[in-house]
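Let us read a protein model together, one feature at a time. Please look at the model before the first question.

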Amino acid sequence: MSDENQNDNPDGFSSPACFMHEVDPAYMGLEGTGETVKEWRKGERRRLIDHRASLNADDREQRSLLIRQNLDRLLPEVTGRTISLYWPFLGEPDLRGWLTAASAQGATCLLPVVSEKSKPLTFRTWRIGEKLTRGVLNIPVPLHGDERQPDIVIAPVVGFDTQCYRLGFGGGYFDRTLAVLHPKPVVIGVGFDFQEIETIRPQRHDIPMDAVVTDTDIRFRQGCDALFAWKFEA
């Protein structure tokens with residue numbers, strides 16, 4: 001199966017919002033075990049995914065355009081870079097236009113692939129127009145791409161905090177992958193401004209991103225603005 005006409009919004013995934021996030025986590029007893037943090041995160045995911053899904057198509061496209069423009073500011077020179085992006089799912093920002101432009105500028109673009117459950121992701125090369133097949137959750141993945149390691153990872157967020165920690169779907173693939181990639185790639189999260197939360201309550205396995213690009217601005221993890229200044233200047 002191939003191409004952009006595939007349904008990237010399978011029915012039945014989104015859940016009603018959980019109101020537990022409106023209560024002080026300490027009051028709810030969430031300062032304790034990893035299991036309670038897990039339940040709190042589950043509620044935040046539901047709330048944030050539902051909020052993102054509520055955007056109308058025009059609003060989502062305009063916000064995605066602003067994210068693409070901010071990515072251009074952050075990464076003015078991508079020639080020779082190997083960049084992992086993603087196929088938009090459940091209302092995530094659509095960066096396929098940015099991927100096309102980066103490929104035209106000489107970047108090698110990749111899409112992540114779940115090759116085995118509970119194992120790190122692999123990455124395959126892909127350009128717009130090349131064949132895709134359905135992967136986990138019916139998210140399209142390259143059918144014939146070469147496996148490569150990225151030096152830049154651009155990943156969508158469900159939520160993010162002021163320390164650039166990422167709240168994802170909860171499968172652990174993101175952190176599991178970053179833990180084994182050597183050399184470590186530059187990691188950029190992308191999301192809408194309303195996806196920022198005070199903290200994701202990071203655990204020992206959580207790995208922070210170097211920057212987060214939203215439709216309103218670019219946020220850097222402490223000290224990482226200098227990294228981008230010398231690595232990616234035009």
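The dialogue below goes from the whole fold to single residues.

Q: What kind of model is this, and how are residues numbered?
A: This is a predicted model: local features need pLDDT of at least 70, side-chain atom pairs count only at pLDDT 80 or more, and totals for chains, interfaces and linings use all residues. Residues are numbered from 1 along each chain as its sequence is written, and side-chain values use heavy atoms, with hydrogens and water left out.

Q: How many helices and strands does the protein have?
A: Both are DSSP runs, numbered from the N terminus: helices are H or I with at least four residues, strands are E with at least two. The protein has 5 helices and 11 strands.

Q: What share of the residues is buried?
A: Buried means under 20% relative accessible area, exposed over 50%, and partly exposed in between (1.4 Å probe, protein chains only). Of the 234 residues, 44% are buried.

Q: Which share of the contacts joins residues at least 24 apart?
A: A contact means heavy atoms within 4.5 Å. Take the contacts between residues at least 6 apart in sequence: 72% of them join residues at least 24 apart.

Q: What is the volume of the largest pocket?
A: Rolling a probe the size of a water molecule over the atoms shows where empty space is left. On a 1 Å grid over the protein atoms alone, a pocket is an open set of points where a 1.4 Å probe fits, with protein on both sides within 12 Å along at least five of seven lines; lining residues have an atom within 4 Å of a point. The largest pocket has a volume of about 1,400 Å³.

Q: Which residues lie nearest its centre?
A: Gly168, Phe169, Gly170, Gly171 and Tyr173 do, out of 50 lining residues. Helix α1 gives the largest share of the lining, 10 residues. Elements that each supply at least two include α1 (34-53), β2 (108-113) and α4 (173-178).

Q: Where is Asp215, and is it buried or exposed?
A: Asp215 sits in the loop between β10 (211-213) and β11 (218-220). Asp215 is buried, with a relative accessible area of 9%.

Q: What does the side chain of Asp215 reach?
A: A polar contact is a pair of N or O atoms within 3.5 Å; within protein, one must be able to donate a hydrogen and the other to accept it, and residues adjacent in sequence count only if both atoms are side-chain atoms. The Asp215 side chain makes such a contact with the side chain of Arg63 (2.8 Å). The Asp215 side chain also reaches the backbone nitrogen of Asp193 at 2.8 Å. Leu66 is 149 residues from Asp215 in sequence, yet 4.9 Å away in space, C-alpha to C-alpha.

Q: Which peptide bond is cis?
A: The bond from His182 to Pro183 is cis, with omega near 0 degrees. Pro183 lies in the loop between α4 and β9 (186-190).

Q: What is the phi of Ser118, and what is that of Cys164?
A: Ser118 has a positive phi of about 65 degrees although it is not a glycine. Cys164, not a glycine either, has a positive phi of about 65 degrees. Ser118 is partly exposed, at 44% relative accessible area, whereas Cys164 is buried, at 1%.

Methods. Grid points are joined across faces, edges and corners, and a volume is the space filled by probe spheres set on the points.
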